[in-house]
Amino acid sequence: MKPAVLMTAILEGDSAEAVLQAHLLTAAGVGAEQIIVEAIEPAMLRLDKKCTAEDFDLLEIMLSGRAVTEVMKVLYPSGAPASSDKGTVVIATPEGDVHDLGKGIFKMVLAGSGYRVVDCGKDCPLDRLIDVVDTERPLAVGVSGLLTTITPQVRKIKGMLADRGLQHVRVLAGGAALKQSSASALNVDFIGESAFDGIHYLNGLVRAER
Amino acid sequence: MNSLERIAAAAAFRKPDRVPVIGQVFGHAGTLAKVPVDEYVRDGETLARCQLEALDRYGYDAVFSVMDVSVETEAAGSILHYRRNQYPVVDRYVLEDDVDLAALVVPDPEHHGRMPEMLKALRILGCELGDEVLVVGCVVGPFTLTTQLLGTERALFMAVDDFPRLERVMDYATQVIIRFGEAQVRAGAHVPLVFDPSASPAVIPPRLFREFELPRLRRVFAAFAAAGAMSNWLHIAGPVKPILPFYPQAGVGIANFDYCVTPTEAQTQLQATCLAGNIKPLAFVDSTPAAISASAHELLQAFGDRGGFILSSGCEIPPESRPENVAAMVRAVGGGR
């Protein structure tokens, strides 16, 4: 049983094979964390290098993401792990926008990169988002959107976090509408061109904190 | 030259009296008239009135009977969610529950959903403007309609899991689009714009664009040309550089390009295609007239010797845009009221 076989199945977007390999690994006594570190995270890393701005392939990312999601169900049958070494990320598509394809991709890539994800869904009121952050105490909040009309809401997030004493929580933004702006204009800490950009930023935070 | 002649000249690489300018003003026309977006997209008469008022205010070269990307899927049976001052979104996709495709009918543009309202708007605009100003209709592209019938994620996975079914859905989508676009030309549209955001490389890989979107776009544009469309205008936003070489094969006469493609890249790939673009849409919301003017002049300089250019935004000018920014773009070519 080799995690490399699982990694290949994930990279090929072969969910059925990935699930089979995950079952074989767990049956052989390999722990969930080891499977994540040795198979899933390296798969995400390879996908990151492959899907450059010039050679972007959303479908490939989605297929791998679907395989990762299925494997995570094998590893954690009762749901996502309660904690993660790297930390928690709360994600949402703010109220007024229901386009959540980008958020879904980010969620898959986050899970595959070892982060615990709390998904507040689409069309999410800011008050609810801040409540969840207050409860979960995450490393960061990630928001994405397709519509420019949500930009005024995104600008408010840091201020609302500060009002609750949560100013240390970083705010990341992405998606077709938000990435037209700059981090300073949008009043966020980081704007990602892609889901992997966001992972790089978060990994930098994790390294800095250790 | 009037606006229509100016755009026809640019599309044919002849020298216009000035560079044409098109504000991709859809819901923003409603906002200007204090009509909420959800009302604007449901009433053809209101839409046409708002478009004419916006034309009067800005003095650009085209008006649009464009509602949103859900007109066709609603007419086919999807259920939409309308909310105050927002474009509607699909609440339930007509094909989300493995519905038998054979049970779907191709919508009649004169009777189904909001299609008749779009046609009504075109008739009013055509009647008011004649052949003075470009009157633009709109259909979504085959893959965009497919994602609006199935849901984007499902459509993408179907490309791998059940490609024959995806092709059948796309063929149905193509029939819907052709019938609707032909009706728009009959109602007075000089051009039915093909708006195809889901065909962007940000969503589908270029190899799939070539394999399943290109042949269907070719059929759509051939049908529109046969129906009497003045030109074939394809609008795909986002990082379209990898798919630009396919545009001539599809029969594209006017190609929109977004801010993430440079003028040089677009000109290199499409040497004989009229290009429309590419000021960043969000800039109309959060930038200044001076900045818009500077962007416009950079574009005019980039296309100075080439011709075949229409100054425009990379995608829709957002409804909440600052009017002075739209006016600044129009003034940059010496247009405006």
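Predicted model: local features only at pLDDT ≥ 70, side-chain atom pairs only at ≥ 80, totals over all residues.
1. The C-alpha trace of chain B spans about 55 × 40 × 40 Å along its principal axes.

2. Two further totals describe how chain B is folded up. Of its 337 residues, 61% count as buried, and among the contacts in chain B with a separation of 6 or more, 72% are accounted for by residues 24 or more positions apart. The secondary structure of chain B consists of 15 helices and nine strands.

3. Which strand order does the sheet of chain B follow? Seven strands of chain B form an open sheet in the order 1-4-5-6-7-8-9, and the pairing is parallel. Strand 1 and strand 9 (309-313) of chain B stand at the edges with a single partner strand each, so one side of each has no neighbour in the sheet. On average, neighbouring strands of this sheet are turned by 25 degrees against each other, direction ignored.

4. Helix 4 (residues 44-58) of chain B has 15 residues and reaches 21 Å from its first C-alpha to its last, which is close to the 21 Å expected at 1.5 Å a residue. Its buried residues are Gly44(B), Leu47(B), Ala48(B), Arg49(B), Cys50(B), Gln51(B), Ala54(B), Leu55(B) and Tyr58(B). An α-helix has 3.6 residues a turn, so residues three or four places apart point the same way. The elements against which the buried residues of helix 4 of chain B pack include helix 6 (115-129), helix 15 (323-332) and strand 1 (62-64) of chain B. Just after helix 4 of chain B, Gly59(B) takes a positive phi of about 70 degrees.

5. Chain A contains an open sheet of five strands in the order 2-1-3-4-5, with parallel pairing. Strand 2 (116-119) and strand 5 (190-191) of chain A stand at its edges, and because each has a single partner strand, one side of each is left without a neighbour in the sheet. Strand 1 of chain A pairs with strand 2 of chain A in the parallel sense over four bridges, with Asp119(A) in strand 2 of chain A as the bridge partner of Ile91(A).

6. Strand 3 (residues 140-144) of chain A is mostly covered, since five of its five residues are buried; Ala140(A), Gly142(A) and Ser144(A) lie on one side, and Val141(A) and Val143(A) on the other. Four bridges join strand 3 of chain A to strand 1 (residues 88-92) of chain A, the two running parallel, and Ile91(A) stands opposite Gly142(A). Five bridges join strand 3 of chain A to strand 4 (residues 170-174) of chain A, also parallel, with Val141(A) opposite Val171(A). Helix 6 (residues 126-136) of chain A lies across strand 1, strand 2 and strand 3 of chain A, and runs at about 170 degrees to strand 1 of chain A.

7. Where do the two chains meet, and how many residues does each supply? The contact takes 20 residues from chain B and 17 residues from chain A. On the side of chain B that touches chain A, helix 8 (152-161) and helix 13 (283-286) of chain B each supply at least two residues, and the largest share, five residues, comes from helix 8 of chain B. By class, this side of chain B has 13 nonpolar, three polar and four charged residues.

Note on methods:
Residues numbered from 1 in each chain as written. Chains lettered and ligands numbered in written order. Contact = placed C-beta atoms within 7 Å. Nonpolar A, V, L, I, M, F, W, Y, C, P; charged D, E, K, R; others polar. Expected span 1.5 Å × (residues − 1). Buried ≥ 20, exposed ≤ 12 C-beta atoms within 10 Å, placed from the backbone. Pairing = 2+ DSSP bridges. Axes fitted to C-alpha atoms, helices over the stretch in contact; angles between N-to-C directions.
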